Each structure stands twice: as C-alpha cells, then as structure tokens.
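Biologist: Please pick one part of this model and take a close look at it. I would like to know what lies around it, and then what else ties the chain together.

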Amino acid sequence: MRAPGWPAVLSEGSVTVRPLRLRDASVWVEMRLRNTDWLAPWEATPPGLVLVRETWAQRQTISVYRQMWHRLRQQAQVGMALPFGVVLHGRLVGQVTVSTIVRGAFNSAQVGYWVDSGFAGRGVTPTALALVVDHCFGPVGLHRVEANVRPENVASRRVLAKLGFREEGLHRRYLAIDGHYRDHLGFALTTEDVPEGLVRRWRGGHYSRP
C-alpha cells in the first residue's frame with residue numbers, strides 16, 4: 001500500500017514540487033556546493049562537527065545524496081516523510097522536506113526547506129511551501145505542520161511570516177547547528193488556521209498571521 005498523499009506532483013504557476021529523484025544528484029550537489037555560505041550556517045549537523053564549513057564539501061557529494069535519497073524514499077513509502085524537490089521552469093532550485101510525521105492523536109509533522117540563493121526573494125520558496133502544506137492538510141491528512149528556525153535566520157523567518165505561520169515560542173538548545181545546540185523559534189499552522197488553503201492565501205496576498 002502507498003502512504004497517503006505519496007508520491008505527488010504539485011504546481012502553482014511556474015513553481016512545481018515533485019519527489020526528489022536519484023538522477024537529481026549532480027544538480028543537487030552542484031547547487032549545494034555553490035551555496036555553501038547561504039546554506040551551511042543553518043543546516044543541522046552532528047554536534048561534534050564544530051567547523052561545519054570545513055566539512056561542508058565532504059557532505060555534499062553524489063554518494064551522500066544517494067544515501068539521503070534512499071533513506072527518504074524508504075521513509076516516504078511508509079508515510080514518515082515527504083521529500084520534495086522544488087522546480088522552477090523545469091530546473092531544480094531547492095528542496096522542501098516534510099519529516100517526523102506522527103499519526104494518532106498528534107497527527108503532525110515538521111517541515112524544512114531551502115532554495116538556491118539565486119532564486120531567493122522571488123516567491124519560489126513561499127509558493128513551494130504553501131503547496132506542500134496544503135497537500136499535508138489535504139491528501140496526507142495531517143492536522144498540524146510546524147517549522148523550527150534559528151532566530152538569526154531572517155530569510156527563513158520571512159518566508160514563514162509571508163504565509164502567516166504562527167510563532168509559538170522559543171526552543172532552547174533545540175537542534176545541533178554548526179557544531180553546537182542552538183536555540184530555535186517554533187512556528188506552526190493547523191488546518192483551522194487556513195480553511196481557505198495556504199496557496200489561496202499566498203496568491204491573494206493575505207500574509208497576516210492567524
């Protein structure tokens with residue numbers, strides 16, 4: 001049996017989100033290496049890796065991508081994750097991954113995202129995230145989606161603000177980033193927050209938090 005809502009291809013205008021593919025490896029690696037300064041400060045790493053920037057290139061390889069792809073594919077097949085590539089005009093430009101999907105009374109998940117710096121500020125990430133959240137609240141059947149970002153990550157916080165994610169509080173030493181456990185701000189949306197759908201809210205320019 002397939003997991004609810006997987007696989008899926010979702011589109012809004014020129015932005016499409018679709019399952020990551022094994023053949024995306026070379027583009028993914030090139031993009032990640034080219035965006036070291038843009039991505040490395042915000043990415044989760046084992047706490048022992050104090051100098052993340054020295055190890056970044058070693059962690060952006062074809063082999064690493066394939067390992068990640070196989071792991072996420074297995075998780076997607078059993079309904080634990082939704083690993084999407086973000087595509088603009090047919091070109092892979094980023095990633096949105098829904099993870100830690102928990103069913104039962106909790107019925108929630110976490111979402112993480114990144115985009116090539118050359119496409120930042122053009123509405124690509126908010127559109128992709130809105131598509132994925134609507135999919136989570138629709139075919140996937142989740143009730144809540146949360147995102148956790150470092151307070152210093154202004155660009156990521158701006159994406160969440162544009163979509164009306166509710167800030168829920170500060171998580172002290174929440175996740176290992178740059179070799180140390182860092183504080184994160186928690187944001188979330190539930191189905192009740194966006195009865196009209198997040199894509200429709202984003203398309204209509206209604207950015208205020210619920």
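Modeller: A residue is called buried when its relative accessible area is under 20%, exposed when it is over 50%, and partly exposed in between, using a 1.4 Å probe and protein chains only. The model is predicted, so local features need pLDDT of at least 70 and side-chain atom pairs count only at pLDDT 80 or more, while totals for chains, interfaces and linings use all residues. Residues are numbered from 1 along each chain as its sequence is written, and side-chain values use heavy atoms, leaving out hydrogens and water.

Strands (E, at least two residues) and helices (H or I, at least four) are DSSP runs numbered from the N terminus.

Next come the neighbours of the strand. Two strands count as paired if DSSP finds at least two bridges between them. Strand 4, residues 91–102, pairs with strand 5 in the antiparallel sense over seven bridges. In this pairing, Q110 of strand 5 has S99 opposite. The two strands form a hairpin with five residues between them, and G104 in the turn has a positive phi of about 75°. Strand 6, residues 144–149, runs parallel to strand 5, and three bridges join them. Here A109 stands opposite V145 of strand 6. Between strand 5 and strand 6 the path uses helix 5, residues 124–137, and the three elements make a right-handed β-α-β unit. Right-handed means that, with the strands pointing away from the viewer, the path from the first strand over the helix to the second runs clockwise.

Strand 5 also takes part in a pocket. On a 1 Å grid over the protein atoms alone, a pocket is an open set of points where a 1.4 Å probe fits, with protein on both sides within 12 Å along at least five of seven lines; lining residues have an atom within 4 Å of a point. The largest pocket has 48 lining residues, and W42, E43, G112, Y113 and W114 lie nearest its centre. Strand 5 gives the largest share of this lining, six residues. The volume is about 1,400 Å³, which is the space filled by probe spheres set on the points, with grid points joined across faces, edges and corners.

What else ties the chain together? Twelve salt bridges are found in the structure, each a side-chain nitrogen of Lys or Arg within 4 Å of a carboxyl oxygen of Asp or Glu. One of them joins the side chains of E12 and R203, at 3.1 Å from N to O. E12 lies in strand 1 (residues 10–12) and R203 in helix 7 (residues 198–204), so this pair ties together parts 191 residues apart in sequence. R203 is exposed at 54% relative accessibility, whereas E12 is partly exposed at 24%. D24 and R18 form another salt bridge, with the closest N and O atoms 2.6 Å apart, and both residues are buried. A network of salt bridges links R144, E146, R166, E168 and D193. E152 and R150 also meet through their side chains, at 3.4 Å from N to O; R150 is buried at 13% and E152 is partly exposed at 45%.
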